[in-house]
Amino acid sequence: MSKLVVVGTVAFDAIETPFGKTDKILGGAATYIGLSASNFNVDAALVSVVGGDFPQEHLDLLTGKNLDISGVEIVEDGKTFFWSGKYHNDMNSRDTLVTELNVLEHFNPVVPESYKDAEIVMLGNLHPLVQQGVLDQMNAKPKLAILDTMNFWMDIALDDLLNVIKNVDVITINDEEARQLTGEYSLVVAARKIHTMGPKYVVIKKGEHGALLFHDDNVFYAPALPLEEVFDPTGAGDTFAGGFAGYIAKTGDTSFENMKNAVIYGSTLASFCVEKFGTERMESLTREEVNKRLQQFKDLTQFDIKLT
Ligand code: AMP
C-alpha cells in the first residue's frame, strides 16, 4: 500500500439544483477526494487551509474517516474558501455564482514531514502555484502525480497551470475544460494535445456520459452508471479523482491496465456522491454498497460477442 497526499480546497459550498437549495455546507475538492479515497483505507493526508469560521465537526468528520489533517492549516482570523453554484435543469451544466478565495489567497501549503515520501500525490483543484508548491516539497518525484483542475484556473492563471501540468503523470479534467485547455473540440485530439503538454495519462470526465482514459494510442471508456435520481452533482469530479487515486495508492500499481480499474472505481464512487446534497452520501457509504455497485457496473458493460 502506498501513502497518498491530497491537496485541494476544504470549503463552504452553497448549492442550488432543481431539487432544492442549501445554505453553507461542507464542500471543497480535497474534502470530496479525501472522503472518496478513504474507502480504500489508505494512509492519506490532506493539505489545505480553512478559516476560524470552519466548524470543528467538519474536521472531526475527516479525521473520523482516518484522514490525516495535520496539513490543514487553520487561519483563526480568516474566512474559509466559499463557492456557490447553480445547476441547470439537465444537471450536467452549472453556473458558478460566487467564488470567494478568502484564506486561499495567501495560502502556502505545508506537506507534513511524514508524508513527504508519499508515492502518490493527488493535486486537487486549487491554484496551480499551490499545486506546484506541494510537488516541490516531496522528497523525491512521486511514483504517480495526478492533477485535477477547472476552467476558473485556466481563466486566471493559465501559465502557472501549464507549468504544473508539465510535471504530472495523469490529468483528470472534464470535457469542456479539455476543450478550453486545448482549443480542440474532438476529445481524442484534445487528449493527444494534452499528452504533449506533459501528462502520459489523460482522463476526460464526461459527467453522466462516463469517463475516457487515454494513454498514447490506447483508449479505455467507462460509462457512468445510469441512475434513477441525480440530486446534486457537486463534487462528482473530485470524488472520481479520489476513487482513482485511492485505488492506485491501495494497489501500488500504476500500469495502464490497473488504471482502467481505477477509472471504474472513480465512476462507481462518483455515482454515489450525486445521490444526495453535498458530502452527505459519501459520509455514510459502506463497503457492501460499493461492492454491489461495482457488480452492477460489470453487468452493465459485459457482453460476449463472437467475431466471425
Ligand atoms: P466538482 O463538482 O467536482 O467540480 O467540485 C466541486 C467542488 O469544487 C466544490 O465543493 C467547491 O468547493 C470546489 N471548488 C469550486 N470552485 C473551485 C476553485 N476555483 N478552486 C478550487 N475548488 C473549487
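Predicted model: local features only at pLDDT ≥ 70, side-chain atom pairs only at ≥ 80, totals over all residues.
**Stop 1: strand 10**

Select strand 10, residues 144-148.

Next, show strand 9, residues 120-123. Strand 9 also pairs with strand 10 in the parallel sense, over four bridges. Find Leu123; the residue opposite in strand 10 is Leu147.

Is strand 10 enclosed or open? Five of its five residues are buried, so the rest of the structure largely encloses this strand. Side chains in a regular strand alternate between the two faces of the sheet. Colour the two sides of strand 10 separately. Leu144, Ile146 and Asp148 are on one side, Ala145 and Leu147 on the other, and all are buried.

**Stop 2: aromatic pairs**

Show the aromatic rings. The structure holds seven aromatic pairs. Begin with Phe12 and Phe54, whose ring centres are 5.6 Å apart; their planes meet at 40°, so this pair is tilted. Phe12 sits in strand 2 (residues 11-17), and Phe54 in the loop between strand 5 (43-51) and helix 2 (56-64). The pair therefore ties together parts that are 42 residues apart in sequence. Phe12 is buried, at 8% relative accessibility. Phe54 is buried as well, at 7%.

Move to Phe40 and Tyr247. Here the ring centres are 6.2 Å apart and the planes stand at 65°, so the pair is edge-to-face. Phe40 is in the loop between helix 1 (29-37) and strand 5, while Tyr247 is in helix 8 (residues 236-251). This pair links distant parts of the chain, 207 residues apart. Both Phe40 and Tyr247 are buried.

One more selection: Phe19, Phe231 and Phe277. These three form one aromatic cluster.

**Stop 3: salt bridges**

Side chains of opposite charge can pair when their charged atoms come close. A search of the whole structure finds 14 salt bridges.

Select Lys79 and Glu100. Their closest N and O atoms are 3.9 Å apart. Lys79 lies in the loop between strand 6 (67-75) and strand 7 (82-87), and Glu100 in strand 8 (residues 94-100), so the bridge ties together parts 21 residues apart in sequence. Lys79 is partly exposed at 46% relative accessibility, and Glu100 is partly exposed at 28%.

Now go to helix 6, residues 175-182. Glu176 and Arg179 form a salt bridge, with closest N and O atoms 3.1 Å apart. What separates the two along the helix? About one helical turn, because they are three residues apart. Glu176 is exposed, at 51%, whereas Arg179 is buried, at 16%.

Then select Lys193 and Glu184, another salt bridge, where the closest N and O atoms are 3.2 Å apart. Lys193 is partly exposed at 34%, and so is Glu184 at 25%. Finish this stop with Glu275, Arg281, Glu289 and Arg293. Salt bridges that share partners join these four into one network.

**Stop 4: a surface patch**

Switch to a surface view and select Phe303, Ile305 and Leu307. They make a nonpolar surface patch of about 440 Å². Ile305 lies in the segment after helix 11 (287-301). Ile305 counts as exposed, at 58% relative accessibility.

Technical notes: Residues numbered from 1 in each chain as written. Heavy atoms only, no water. Patch = residues over 30% accessible without salt bridge, like charges linked within 9 Å, V, L, I, M, F, W, Y side chains within 5 Å. Areas by Shrake-Rupley, 256 points an atom, 1.4 Å probe, with all protein chains shown as cover. Salt bridge = Lys/Arg side-chain N within 4 Å of Asp/Glu carboxyl O. Buried < 20%, exposed > 50% of the residue type's maximum accessible area, 1.4 Å probe, protein only. Pairing = 2+ DSSP bridges. Phe/Tyr/Trp six-rings, centres within 6.5 Å; stacked < 30°, edge-to-face > 60°.
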